[in-house]
Amino acid sequence: MGSNDGKLVILFMLLTIALFFYVSLPFMFRGPAAPLFVIHNHDVKGHEVAVEVFDQQNKSIINETYILEPKSDMLRSRPFSLRLHREKREYTFKVTMDKQITSTDKLEFPNSHAFADVRLYSKDYGDTYLDYESPKTIPILIEFNEMM
C-alpha cells in the first residue's frame, strides 16, 4: 500500500466521522424528529381520511388513505429523507375526509420537530362567552405544531 492509499483511507475515515456527527449531533441534543403529521378524530363516528403532502416544488411526497376509528388518533412518521433537513421547509397538506370534505393548507416547518396537527370535527370555542356556549364545529382543521 502506497502513501497515497494511506492518505485516501485517512481522508475517507475523516469524512465518515464528519458525516456521523452531522447526522447524529442534532438527534443527541434535540431528540428524534417529530412525526410529519398527526390526525385526531374527535367525532363519535369513524372516518376515511386521505392525506396528500406536497413539497416546496409542488411535488407529491405522500399520498395515503387512513381509516380512523371514533375518538382515535394516528400519526405518520416523517420519511427518512425529511428527517435530516435543518432549514425551513414549506409543505402543502391536502386532507380529504370521507371523499367529501377537503381542506388544504400550507405550513412552514422551521425544523424537524415541527409537524402538522390535523383535527377532524374539532370545536372552536371562540373568544366570547356566547361562543363558548355554542361552539362552532370545524370538519377539518390543519395547524402547525412543534415538539419541545
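**View 1. The surroundings of histidine 40.** Apart from neighbours within four places in sequence, histidine 40 has contacts (heavy atoms within 4.5 Å) with Ser72, Asp73, Asp117, Val118, Arg119 and Leu120. This is a predicted model, in which local features need pLDDT of at least 70 and side-chain atom pairs count only at pLDDT 80 or more, while totals for chains, interfaces and linings use all residues. Residues are numbered from 1 along each chain as its sequence is written, and side-chain values use heavy atoms, with hydrogens and water left out. Histidine 40 lies in strand 1, residues 37–41, where strands are DSSP runs of E with at least two residues and helices are runs of H or I with at least four, numbered from the N terminus.

**View 2. Histidine 40 and aspartate 73.** The side chains of these two residues, histidine 40 and aspartate 73, are joined by a polar contact of 2.9 Å; such a contact is a pair of N or O atoms within 3.5 Å, and within protein one must be able to donate a hydrogen and the other to accept it, residues adjacent in sequence counting only if both atoms are side-chain atoms. Histidine 40 counts as buried because its relative accessibility is 15%, the limits being under 20% for buried, over 50% for exposed and in between for partly exposed, with a 1.4 Å probe and protein chains only.

**View 3. Leucine 11 in helix 1.** Leucine 11 belongs to helix 1, which covers residues 3–30. With a relative accessible area of 46%, leucine 11 is partly exposed.
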